[in-house]
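Good morning, everyone, and thank you for making time for this. Please have a look at the sequence and the structure before I start talking about them.

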Amino acid sequence: MLDNTVPLLARGYAWLPDLSRRTGPGAVRTRLMGRPAIALRGPAAVGFFYDEDHVRRRTALPEPILSTLFGKGAVHTLDGAEHRKRKDLFIKVLKDASGVTALAERVADEWERSVKEWSDRPRVTLFDEVSVLITRAVCAWAGVPLGEGPDGDARRTAGDLIAMVDGFATAGPRHWRARRARRRQEERLARLVEDIRSASGKTTGQGGPPASAVEAVAVHRDADGELLDPRTAAVEILNIIRPTVAVTWYTVFGAHALHRNPALRQRLATGGEGHARAFAHEVRRFYPFAPFVAGLAPRDVEWHGEHIAEGTMVLLDLYGQNHDPALWDSPYTFDPERFAGREPGRDELVPQGGGEASQGHRCPGEDVTLAVLSTLLPRLARLDYRVPDQDLRIPLNRMPTKPRSGFVIAETH
């Protein structure tokens with residue numbers, strides 16, 4: 001089989017669904033990065049993929065992704081007891097209901113503050129401004145200082161966090177910008193961890209519970225009973241704040257959906273929490289973010305009669321599953337009503353992975369994503385603004401993608 005790494009980079013999100021259409025139903029065999037690979041989709045495939053007896057993540061993530069998106073030594077690179085112990089940290093921080101509510105409230109406050117500023121400007125690029133307001137909110141919530149002044153270094157920090165996501169699936173300038181951003185933020189946060197440890201007795205068992213997400217990471221002990229080294233602790237702090245700032249992509253996709261479907265605006269503006277959550281689910285289903293997730297078969301395994309040899313790369317086709325006509329009526333129609341009055345099945349809607357967050361590799365920040373989107377999207381629907389002429393195309397050959405213009409709005413009030 002020919003290696004498909006170059007076609008993947010060239011075609012982006014469309015590569016795997018197109019390959020599936022050409023080869024027919026069932027698993028798709030190919031090669032990526034010189035390794036045999038098999039791609040799966042569907043709820044049953046999600047269960048198979050997140051069973052560590054079938055697929056392991058430890059050595060599956062290539063160095064360029066670790067040096068940009070996740071960080072070396074991150075929870076994403078662990079399996080077994082090590083993964084479960086580290087994952088407990090994220091579950092405690094990101095799935096605490098009161099903590100999620102507090103973060104959403106900070107996001108709402110920052111939105112109101114930002115909208116007042118936008119009204120004094122002829123036009124703003126929504127992608128840039130949302131990234132800054134979410135950065136201010138999540139850093140204040142997590143205990144990451146941003147300096148003095150009205151913005152502090154929020155714009156620089158937001159730029160670094162966005163760069164880490166924007167450069168993980170590409171070569172060239174975006175990729176090297178992401179590496180520099182990660183190095184800069186890891187160094188800064190490692191110093192913060194050292195300062196917290198030197199000022200607190202909690203690492204020796206004294207003091208009360210952690211006062212912030214950053215402090216929770218600083219005092220966390222891994223499966224071996226040891227504190228994380230400061231650089232790894234910095235990596236995990238970034239794995240709390242970076243995915244939250246990445247909700248910028250979904251927020252701007254929400255603006256795109258409202259622009260393309262103006263009849264949906266009033267319902268989102270006034271429909272309450274349930275409709276806001278349904279709209280957020282549909283944004284996450286319809287618009288592209290992660291194309292797939294990958295792991296390696298730790299031994300010879302079998303999937304519905306398909307032999308998967310040890311060392312084979314196993315892909316779970318997230319974008320393809322979220323647009324699979326076997327799962328969704330009219331999958332290429334944006335329709336929040338498909339989630340009206342119901343939550344999607346655990347392994348049905350998988351933009352942030354599948355399985356159980358507490359046991360597997362599903363993103364523990366999914367509750368945060370939904371809370372932030374359910375906070376921002378109704379406020380966006382209630383905001384009065386004009387969309388000037390611009391390039392709102394969303395190229396599928398760019399990963400991660402977004403409207404080319406960043407979604408410019410004017411005359412906000």
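This is a predicted model: local features need pLDDT of at least 70, side-chain atom pairs count only at pLDDT 80 or more; totals for chains, interfaces and linings use all residues.

The protein has 16 helices and eight strands, and its C-alpha trace spans about 60 × 60 × 45 Å along the principal axes.

The largest nonpolar core holds 110 residues, and the members that touch the most others are Trp118, Leu126, Trp141, Ile240 and Leu315. Helix α7, which covers residues 126–142, gives the most to this core, with eleven residues. If we leave aside the neighbours within four places in sequence, leucine 126 is in contact with several residues, among them Trp118, Val252, Leu380 and Phe407. There is also a second, separate core of 18 residues, including Val46, Val55, Val301 and Leu318.

Next comes arginine 58, which lies in the loop between α3 and α4. Is arginine 58 buried or partly exposed? Its relative accessibility is 42%, which lies between the 20% and 50% cut-offs, so arginine 58 counts as partly exposed. Beyond its neighbours within four places in sequence, arginine 58 is in contact with Thr77, Asp79 and Glu82.

I will finish with some backbone angles. Most residues other than glycine have a negative phi, and most peptide bonds are trans. Methionine 33, in the loop between β1 and β2, has a positive phi of about 50° although it is not a glycine, and with a relative accessible area of 49% it is partly exposed. Serine 330, in the loop between α15 and α16, also has a positive phi, near 45°, and is partly exposed at 47%. Finally, the peptide bond from methionine 399 to proline 400 is cis, with omega near -10°, and proline 400 lies in the loop between α16 and β8.

Terms used:
Residues are numbered from 1 along each chain as its sequence is written. Side-chain values use heavy atoms; hydrogens and water are left out. A nonpolar core is a set of buried Ala, Val, Leu, Ile, Met, Phe, Trp, Tyr and Cys residues joined through side-chain atoms within 4.5 Å. Buried means under 20% relative accessible area, exposed over 50%, partly exposed in between (1.4 Å probe, protein chains only). Helices (H or I, at least four residues) and strands (E, at least two) are DSSP runs, numbered from the N terminus. Contact means heavy atoms within 4.5 Å.
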